[in-house]
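Student: I am new to this one. Please pick a single part and take me through it closely.

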Amino acid sequence: CQASNFPWLLGVIAADATRLLKPAGHLVVEIGAGQQIAVEEVFSAAGLAFGDVRHDLSGIARAVAAKRR
């Protein structure tokens, strides 16, 4: 995925997640360096509760979890 498509793609994922996940269902996505804040904002706007963040060995956020409210 090109970086310029990231916000659009993230919005599609968040919208589909709220539609497809059962209540309290979880979604985990892999992210690139510096994308954590954008993911948090888009997931929150879509009605997902932001959850755990997993970091790589360099301390960079690489995976984030969200839960359907």
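Tutor: Start at Ala 24, which sits in the loop between helix H1 and strand E1. Helices (H or I, at least four residues) and strands (E, at least two) are DSSP runs, numbered from the N terminus. The model is predicted: local features need pLDDT of at least 70, side-chain atom pairs count only at pLDDT 80 or more, and totals for chains, interfaces and linings use all residues. Residues are numbered from 1 along each chain as its sequence is written, and side-chain values use heavy atoms, without hydrogens and water.

Ala 24 is not a glycine, yet its phi is positive, about 70 degrees. At 41% relative accessibility, Ala 24 is partly exposed. That term lies between buried (under 20% relative accessible area) and exposed (over 50%), with a 1.4 Å probe and protein chains only.

Next comes E1, residues 26–30. In a regular strand, side chains alternate between the two faces of the sheet. Here Leu 27 and Val 29 point to one face and are buried.

E1 runs antiparallel to strand E3 (residues 61–68), joined by five bridges. Strands pair if DSSP finds at least two bridges between them. Val 28 stands opposite Ala 65 in E3. The open sheet has three strands, in the order E1-E3-E2. E1 and E2 (48–55) stand at the edges with a single partner strand each, so one side of each lacks a neighbour in the sheet.

Now Val 29. Beyond its neighbours within four places in sequence, it is in contact with Ile 13, Phe 43, Arg 62, Ala 63 and Val 64. Contact means heavy atoms within 4.5 Å.
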